[in-house]
Amino acid sequence: MDIAQQIKSQLDIVRVISDYVPRLRRFGNRYSCLCPFHNEKTPSFSVYADHQFYKCFGCDARGDVFNFVMSIENITFWEALKKLAEQNGLPLPKQSQVSDEKTRARGALREMHEIAVEHFRGNLAGPNGARARDYLTGRGVAPPSIESFQLGLADSSGRALLRLLEQRGFRQEQLAESGLFGRRDDGTLYDRFRNRLMFPIYDESGKPIAFGGRALDPGENAKYVNSSETEIYKKSNVLYNLNRAKQTAAKIDRIVMVEGYMDVIGATQAGVAEVVAICGTALTVEQIRAMKRHSQNLHLNLDADSAGNKAAERSVKLLLDENVRVRVVELEGGLDPDEYCKEHGAETYRERIAKAKPYFYWLADRARGKFDLRDPQGRNDIFQFLLPAIQALRDKIERVSVANDLASYLGIESGLVLEHFRKMAADKSERASAPPKVNSKRPADRILLLSLLAAEEGRDELIQALRGVSGWNQSPAAGIYRTIVSMHDSGSAIAFHSLHERLEPGDQNLLASLVLDSEGGATTVEDGMACIEAMRREERESAARDLKGKIKVAEREGKLEEAFELMRQLAQMSETPVRG
Ligand SMILES: [Zn+2]
């Protein structure tokens with residue numbers, strides 16, 4: 001067994017996936033949930049404990065435990081292997097034996113970030129950190145937060161981190177690709193972050209992958225500077241603090257989204273642990289999907305200024321499109337969460353979050369202030385204002401229900417304008433989602449394949465028997481049988497995933513539809529043998545029919561010699577005992 005197989009054999013795919021998707025529901029040996037890889041309202045994502053395999057019948061995402069971790073974390077095979085081994089306390093051979101070039105490069109990036117976190121933290125705690133510490137105290141950031149968010153300080157030398165990493169043996173090209181340095185015209189590198197308060201940015205599993213740096217000098221042009229994108233840091237995939245927020249978010253089924261680093265720290269100190277920040281970037285589908293895995297209920301708490309509102313509108317459209325239930329947190333006085341907590345206290349802030357209005361009501365409140373509802377034209381305008389948001393909903397029934405809700409919320413119970421509004425809300429063209437593929441299922445193939453996969457002991461016997469019949473050549477699953485036989489002959493381990501990955505796409509789907517959806521209990525070698533016997537019988541019957549036909553023709557044509565010979569063959573055939 002190679003190292004990957006060894007590790008895989010000690011893992012349970014259901015447990016690994018449920019770390020990422022907390023809401024797996026069990027149906028016998030199958031587990032199901034909304035697909036983390038595409039947007040859907042009814043679950044078409046299944047995890048099969050028996051086969052240690054997952055498959056989505058909506059977007060066709062599928063594979064074993066490694067494929068899942070690679071896709072969801074966006075990492076290489078070796079990184080997934082290493083991660084799973086570490087998380088589960090499984091021994092791994094030395095790094096050099098289990099990596100490819102890309103993994104090694106990414107490993108160096110991670111190492112540089114870990115060193116940088118410690119370096120910046122040391123600066124903040126040291127004698128030169130006094131001013132930054134004062135700043136944090138002034139902003140109400142308590143020492144435990146400095147510790148848990150691992151805040152740090154980049155000094156103003158412009159080369160301290162560079163020197164340190166050079167001393168640790170990192171090569172210039174590694175440094176250049178770390179996102180931590182800028183390059184001068186003469187090609188030399190310098191620290192990207194100078195005299196800045198440093199916020200490490202973590203991936204979902206809590207490893208530092210980048211930094212955000214806040215200027216400490218008010219004269220500095222850019223208030224915030226971020227690491228440039230690297231092999232391990234894609235801005236659009238990361239939400240600040242999701243690594244910490246996710247547990248609480250899953251538990252209380254709510255995520256609060258704020259604007260920046262300080263808001264996250266402020267909200268966390270106020271007892272709102274389920275908080276993430278977009279940190280100046282426009283919200284992306286990748287971020288929404290990462291968040292959605294932990295909760296579908298999002299409370300938006302973005303800046304109340306007009307820019308905030310525009311950003312909120314864009315984000316909301318995307319969120320509705322992804323079936324996220326959005327509420328808007330309004331803080332009076334246009335304060336951001338951090339300021340609000342300081343002014344009104346943590347409890348009031350938590351109350352504001354708990355009382356956040358569903359997005360559509362919030363939107364209707366805004367519209368109410370803008371238009372005159374007593375006037376038909378005003379009612380028309382208000383509906384035109386609300387319509388785009390309603391039409392962003394995918395589901396027709398939901399659109400109609402939201403339209404009706406809003407009309408009664410606004411106190412508009414009848415009239416032509418309302419009729420028109422309802423019709424517009426309902427009529428928006430539906431985007432069809434692909435129905436799950438249905439394959440013709442032959443029960444015999446299903447049972448035989450299940451027993452071939454399950455029966456470690458009896459597989460040899462089954463395959464020998466299978467060789468003795470040719471009926472399976474006509475089966476839609478012929479390609480699958482051929483692959484199993486050839487894997488068996490070459491001594492490969494036969495399991496669902498190893499078989500699946502050797503098949504053509506068409507056969508992969510057939511295998512999945514035959515084997516994965518079966519809810520029945522264990523299939524034994526005997527069950528498999530019975531299927532092969534049925535094939536043999538069918539084969540014999542078809543040969544007999546063939547002979548009888550030929551005998552008739554020979555008799556009709558007067559070829560008696562030939563007819564007798566054929567009859568002899570037929571008699572012999574029926575004497576051959578049926579095995580069993
Ligand atoms: Zn999917």
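Me: Are Cys 35 and His 38 buried or exposed?
Reply: Buried means under 20% relative accessible area, exposed over 50%, and partly exposed in between, using a 1.4 Å probe and protein chains only. Here, both Cys 35 and His 38 are buried. Bear in mind that this is a predicted model, where local features need pLDDT of at least 70, side-chain atom pairs count only at pLDDT 80 or more, and totals for chains, interfaces and linings use all residues. Residues are numbered from 1 along each chain as its sequence is written, and side-chain values use heavy atoms, with hydrogens and water left out.

Me: Which atoms coordinate the zinc ion?
Reply: Donors are N, O and S atoms within 2.8 Å of the metal (3.2 Å for Na, K and Ca), and water is not among the atoms, so sites may look incomplete. In this model the zinc ion is held by SG of Cys 35, ND1 of His 38, SG of Cys 56 and SG of Cys 59, at 2.1 to 2.3 Å. Along the sequence, those donor residues follow the spacing C-x2-H-x17-C-x2-C.

Me: What geometry does the site of the zinc ion have?
Reply: The ideal angle for four tetrahedral donors is 109.5 degrees. Four donors count as tetrahedral if all angles lie between 85 and 135 degrees. The angles at this zinc ion run from 101 to 118° among its four donor atoms, making the site tetrahedral.

Me: On to sheets. What is the order of the open sheet that has antiparallel pairing?
Reply: Strands of a sheet pair through backbone hydrogen bonds, either parallel or antiparallel. Helices (H or I, at least four residues) and strands (E, at least two) are DSSP runs, numbered from the N terminus, and two strands pair if DSSP finds at least two bridges between them. This open sheet has five strands, in the order S1-S2-S3-S4-S5. Its edges are S1 (25–27) and S5, each pairing on one side only. S1 is joined to S2 (residues 30–33) by three bridges, running antiparallel, and Phe 27 has Arg 30 in S2 as its bridge partner.

Me: And which strands make up the open sheet with mixed pairing?
Reply: That one also has five strands, ordered S13-S12-S14-S15-S16. S15 (residues 325–328) meets S16 in the antiparallel sense over two bridges; Val 328 is bridged to Lys 357 in S16.

Me: How many of the residues of S10 are buried?
Reply: Eight of the eight residues in S10 (residues 208–215) are buried, so this strand is largely enclosed by the rest of the structure. S9 (residues 196–202) pairs with S10 in the antiparallel sense over seven bridges, and Pro 200 has Phe 211 in S10 as its bridge partner. S9 and S10 form a hairpin with five residues between them, and Gly 206 in the turn has a positive phi of about 90°. S10 also pairs antiparallel with S11 (residues 224–226), over three bridges, where Arg 214 stands opposite Tyr 224.

Me: How do I check a helix? What span should H24 have?
Reply: The expected span is 1.5 Å times one less than the number of residues. The twelve residues of H24 (residues 505–516) should span 16 Å, and the end C-alpha atoms are 16 Å apart, which agrees.

Me: What do the buried residues of H24 pack against?
Reply: Ten of the twelve residues in H24 are buried, which leaves the helix mostly covered. Contact means heavy atoms within 4.5 Å. The buried residues of H24 pack against strands S3 (45–48), S4 (53–56) and S5 (62–63), along with helices H20 (443–454), H22 (478–489) and H23 (496–500).

Me: How far does H25 reach?
Reply: H25 (residues 525–556) has 32 residues and reaches 47 Å from its first C-alpha to its last, close to the 46 Å expected. Its buried residues include Val 525, Met 529, Leu 547 and Ile 551. After H25 comes Gly 558, with a positive phi near 75°.

Me: Last one: where is confidence lowest and highest among the elements of the chain?
Reply: pLDDT is the predictor's confidence in each residue, from 0 to 100. The chain averages 86, and 93% of the residues score at least 70. Confidence is lowest in helix H13 (residues 306–321), at a mean of 72, and highest in strand S6 (residues 152–154), at 98. Over residues 429–441 the pLDDT is below 50, though this stretch has 16 contacts in the model beyond near neighbours in sequence. Where pLDDT is low, the predicted coordinates should not be read in detail.

Definitions and conventions. Tetrahedral: all angles 85-135°; square planar, octahedral: opposite > 155°, others 65-115°.
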